[in-house]
Amino acid sequence: MDSSSSSKQGSSDRLLLAALHLIAERGYNGVTTQEIAAEAGLSEKTLFRHFGSKQKLLEAAFDKYHYADEMKKLFSEKLVWELEPDLLLVTETYHEIMNRNRKMIQISLRDDGQLPGFRERTHKHPLQLLEFLTNYFTLMSDKGKIASANPELHAFTFIMMHFGAFMNDLDHRQTYPTIALEPFIQESVKLFARALRP
């Protein structure tokens with residue numbers, strides 16, 4: 001890779017991270033493109049050259065840092081086709097990505113209504129995860145490894161259980177302060193695996 005494309009990549013990443021940091025802190029309307037560029041150590045002109053607008057910059061950040069691609073790779077390359085270890089891997093990866101992307105989640109919860117098309121863009125990731133997990137449960141059922149009359153509903157239940165745990169953790173465990181995430185992950189996977197065994 002030549003130095004100009006390497007510096008271009010560096011500038012883009014710096015702008016994406018600066019945008020996520022500032023917008024999570026102050027809201028979409030509370031941050032200017034000039035402030036984002038300054039936070040990244042770049043000019044506003046560079047921001048516009050790379051992304052064209054603040055909204056396109058934020059959309060690019062969500063596309064780059066959300067979890068659909070990592071989950072796609074996990075489901076295609078890393079499963080061992082044993083229910084409990086697979087669900088544990090999916091769950092730990094999900095929480096790792098969600099925690100890494102806390103600022104994006106905070107932005108999507110707070111500023112989603114102010115950005116046209118943003119809801120559809122952010123919802124594609126959970127919908128893809130639902131599809132991956134539904135397909136997994138279907139194949140596991142076909143292999144006789146689980147009893148699943150409704151793979152999509154089981155996938156949805158599993159995702160919602162862990163999204164709820166993430167949201168509790170995002171809120172600094174204020175709702176359920178005595179429940180730590182790691183023991184919850186272990187116990188929920190064991191219970192779910194036990195419920196689906198044939």
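Mentor: Start with a definition: helices are DSSP runs of H or I, at least four residues long, numbered from the N terminus. Keep in mind that this is a predicted model.

Take H2, which runs over residues 33–40. Four of its residues are buried: Thr33, Ile36, Ala37 and Ala40. Look down the axis of H2. The buried residues fall within an arc of 95 degrees, so they line one face of the helix. Now turn to the face pointing away from that buried side. Gln34 and Ala38 sit there, and both are exposed. Just past H2 comes Gly41, with a positive phi of about 75 degrees.

Compare the layout of H10, residues 181–196. This helix has 16 residues. From first C-alpha to last, H10 reaches 22 Å, close to the 22 Å expected at 1.5 Å a residue. Its buried residues are Leu181, Ile185, Ser188, Val189, Phe192, Ala193 and Leu196. They cover an arc of only 125 degrees around the axis, which puts them on the same side of H10. Pro183, Arg194 and Ala195 are exposed on the other side.

One residue of H1 deserves a stop as well. Ser11 lies in that helix, which spans residues 3–26. Buried means under 20% relative accessible area. Ser11 has 11%, so Ser11 is buried. Leaving aside residues up to four places away in sequence, Ser11 touches Leu42 and His50.

Definitions and conventions:
Residues are numbered from 1 along each chain as its sequence is written. This is a predicted model: local features need pLDDT of at least 70, side-chain atom pairs count only at pLDDT 80 or more; totals for chains, interfaces and linings use all residues. Side-chain values use heavy atoms; hydrogens and water are left out. Buried means under 20% relative accessible area, exposed over 50%, partly exposed in between (1.4 Å probe, protein chains only). Helices (H or I, at least four residues) and strands (E, at least two) are DSSP runs, numbered from the N terminus. The arc is that of the directions from the helix axis to the C-beta atoms. The expected span of a helix is 1.5 Å times one less than its number of residues. Contact means heavy atoms within 4.5 Å.
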